[in-house]
Amino acid sequence: MSDATTAAWIVDASRLGRLGLKGPAAADWLRSVRIPVPERANSWAPLVHSDDASAWPLVARLGTTEFFIETEPDSPLRDDLARALGDGQDHVYPVLREDHACVLGGRGVEDVIAQVCSVNLPSLPLQLNPVVLTLMTGVAVVIVAQAHGDGRRYRIWCDPSFGHYLWNTLRAIVVESGGDELGIEQLRMAERGQQ
Amino acid sequence: MMYRVQRVAGEWIDRARRIEFTFEGRPLEGFSGDCISSALAAAGVTILGRSFKYHRPRGLFSAANHDVNALFQIDGIPNVRGDAVALGPQFRISAVNTIGGLARDRGRLLDRLSRFLPVGFYYKAFHGKRLFPFWERAIRRLSGLGSVSFAAPRTPTPKRYAFCDVLVIGAGPSGLSAALAAANAGARVLIVDENPRLGGSGAWAGASDLSSVELVHQVERHAGIAALHSTFAAGYYADHFIALIEPGRMTKVRARAVVIATGVIEQPAVFRNNDLPGVMLGSGAQRLLHRYAIASGRRIVVLAANREAYALCADLLDHGLAIRTLVDLRPKDESDRVAFELERRGVQLLHGFAPVEALADRSGCLRALRIAALGPDGQAGSPNMHELSCDALLMSVGFAPACQLLAQAGATIGFSEALQQHVPRKYPDGVFAAGRVRGVYDQDRILDGRNAGDAAARFAGFEAPAALTAPRVAARRPSHPYPIFYHPRHKNFVDLDEDIQAKDLHDATQEGFDSPELLKRYTTVGMGPSQGKHSNVNAARILARLRGIGLADAGMTTTRPMFHPVALKYLAGRSFQAERATPVYERHAALGAVWMPAGNWQRPEYYASAGHARIECIEMEVRAVRTGIGLIDVGTLGKIEVHGPDAGTLLDRAYTGRFSDLRTGMTRYGLMVDEAGTIIDDGVIARISDRRFYFTTTTSGSATVFRELLRWAALWGLDCALINLTGHLAAFNLAGPRCRDALKPLTDVELADDAFPFLAVREGAVAGVRARLMRVGFVGELGYEIHVPAGSALQVWDALIAAGRDFGVRPFGVEAQRVLRLEKGHFIVSQDTDGLTNPFEAHAGWAVKMQKPFFVGQRSLRMLSKRGPRQQLVGFTVPGAGPPLKESHLVIDGADIAGRITSVARSATLGCTIGLAMIRPDLARTGASVSIRADGGTLIDAVLVPTPFYDPEGRRQQPDGAGP
């Protein structure tokens, strides 16, 4: 697998670990447990302090007082954070996140995106780590655009009840455009190989 | 007759690649690069189809992508635009709107009956009810264009979005120039043109126009310009959002600035038989020649009223075509050197003559033009007529701007008397125009385009030079002020799409339809496939003259998308229908679920069982719940958490009940009304801790309720946070007298009645998964609603099924649940209530705590409680057998409608039909009998009874009373 030979690809990333929290004190709580806090609304940061523009584990700020964290599937961090948060604290409340997650990438990814989303995602400045909350194929989604080789990959999360529909719809368009479905390990191994 | 000539410089056809096709069953041949119309023309086919109303023979008229005469049926696809669609191999092409084929069309008799089909025929024919069915059938059979074939291939038509700094619509000289200017300023430019190649009129209207060729090369090489060919802008929408129709898909473009350089559309003259095959527009003849190397005839006459007609003659002569005569509507200009040159080349010039009529040969095609000297009234005034033998009459008498997009964008369109053309006067921000569409002709178009491109780039935020030289609006008059000529025998067509004659417009105006909008609707002028591109201006000229006003005062009709006809499939795109599924969707499918939509969810209506009918399956599911265990997926319910010190206050204000005093670990029914006191949602509200509530909503109401609660919390400044968990949690209802036995080994929650009483909520593990359990009784049996994270749902579902197997567990669907809750007399919001029902009318007054300081709808309910109900929800039974009753069957009182059934079912448990009905309050007396009108009008007697129908004391929801 490489972007050079694949028009577009789609990866199911639902098995990564994730949790959410919201409330006016959520940012302070994250700082207290040494999680990087994206300073701007609708932006993301690597979960581990770094400048990695294509980090997989991340913390995304949705609006001003809600946060969404995605970890490696086998990372204990999610359970540690969930335990620390418990049923909530003063003005910090846990948010169950059972999202369906997928990733779109490859040379033809922009053409796929153009067919399913009315937001001009290719124009997003990656250096600002933007998070976009919008509709894709009629489904409310959270999108993070990240650098990926010479191009971009788009990480997409949605309510799990729409997951079946969104996945099938996106996958059909990817296949129609000459691309294919990949496994997440396949993708990440390829990324490590490129490094 | 048209024919293919020797190679023409720049022709689009590839003579090395032949393409075979059939037309009306006749095998023919064209070249790769031909459009359908050109291939037919080259093959000598003169009659392409029949007209819409009178079935008159019609031929190529404009070759300009919107020619109603060139619509075809191809392999089951109707109304393919022959001028715009490339010829494909093995196309099976037939004419549209014929009865028995093009050559033997039986509909042609209508042409002889035209005097019985006056303007406004529809309105007059439909005036009486008695003949309506007759006329409806007759018109449906006789009119219309192509026919829809359900066997036509289904082709995907994706939609896409695109973005650019400057969108240029039209790739003629001015559009190309605008694109280059904007791109040179650094803007990302998208240029679109409806033709397969860039160049527009520069590619054919002036063969010597080398600057256009060079412009095309520059645009094609420019890295900042993307070009879309064979693409038209179908409509302009707010904020520079433009729908582009490409071959096979629609692209919605958002641009920062837009340059509209759509040029002009040549207009016909109106005279008797101006629709004969062989009569066409001069620009059409040039398109055919330069694109497809087709001569428009062997004996050509040109009808002229502008300079373009002379250029046309010169162009055709240069390519070896024979032009006999040029008939100019204008007087002779002795200084005209071009005219002198034409005469020198052998063309007879006749000035000051008007067409009287075109004459047809036996096949219905043009054989001659009859003309006469113009009189002082602008009509053929001399009795001495000349007959000019010809097989092609090319008209070049004027133009109309293609300003539809400008008008849609909000530009003010005025009328220039000097040009005899509509022109834009005022533009909305970010919208610019260039070239002939705004009255700038000839070489000035290129300068005009450059200025527009620079201005658009500046508007989009780029640095571009300001216009130094203003291009001249044409100093000449390209359009004749009244190229309309009357004849006592009529058939002088203004609108070829709809067969509208000049006399039709006269009659309509006389009948009082004397404004453009009224005239359009009464006569249907401009309402055909070309949307008035060849008829609106002439219709307006006629109207203005009849009213004795100028064209500027007559006004024009409103232009709306789409610019060309667009197949519905392009609008539908991929038909994204976002559907939700619960995490155990696949388990339902494996169990034979028959699906039904519930909001945007798919839910099992029931589970099919081999050898059993639907109703039997539902009864088996009901029986399982009443006697053993049933399991239903209720994950579609809205599921919301509210945290914070003001969580109870929010619920107190949003719902009619009181929740701030709800004990932790308990649930309470919640009813929501709107400001008018109308029931809008309900659910169960559980208190998890002092500052944390969890509650359910109806399946279809979750998003609305969540949004409203967010709004209210913000509006009231409450210190609480709302979390929508609808999709993130799965929920199952395990119900039936044996459900506790099945659940007990799976959970660490103490299920004993004293530890977990009716209406309590508990948290613990079920099948090893952290769960929230609510002991509720919607179906009227001992039951537990189990809520677990969606990712663990399969594990829990499988464990419940396995644990329940020894007790005869059976999954049940929505229909069984409806029967079960109906037996308990529970109403369903928006099925048993409607957009006017308040809680008092639905016997839910007990859920309204009027003594609270405030809740949404309280003021209205206070008034409604004093006024009394306007309708009342009641239970009824129908003893014995009879015709089946259905929801919405009417309750009849004497001759009046007194209500309707909202829910009804045959209850196997109770052995009778039960239901709920919303009826007039004066009839709502227990024990009274009411009449219900079933299908076919049969009246059924029903008895009003109190609810619940089943287990009115609620004993079965208590363990002691739950024995089988």
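Helix α11(B) passes helix α13(B) in a right-handed crossing (the near helix is turned clockwise from the far one by less than a right angle). The model is predicted, with local features needing pLDDT of at least 70 and side-chain atom pairs pLDDT 80 or more, while totals for chains, interfaces and linings use all residues. Residues are numbered from 1 along each chain as its sequence is written, chains are lettered from A and ligands numbered from 1 in the order in which they are written.

**Exercise 1.** Determine how α11(B) is oriented to α13(B).

*Step 1.* The helices (DSSP runs of H or I, at least four residues) span residues 502-510 for α11 and 536-547 for α13 of chain B.

*Step 2.* Their axes are 10 Å apart, at an angle of about 45 degrees (lines fitted to C-alpha atoms over the stretch in contact, with angles from 0 to 180 degrees between N-to-C directions).

**Exercise 2.** Identify the strands at the edges of the five-stranded open sheet in chain B.

*Step 1.* The strand order is β3-β2-β8-β6-β7, with mixed pairing (strands are DSSP runs of E, at least two residues; a pair needs at least two bridges).

*Step 2.* β3 (26-32) and β7 (77-81) of chain B each have a single partner strand, so they stand at the edges, one side of each lacking a neighbour in the sheet.

*Step 3.* For β3(B), seven bridges join it to β2 (residues 14-23) of chain B, and the two run antiparallel. B:F31 in β3(B) is the bridge partner of B:R18.

Methods:
Angles under 35 degrees count as roughly parallel, over 145 as roughly antiparallel, 65 to 115 as roughly perpendicular and the rest as oblique.
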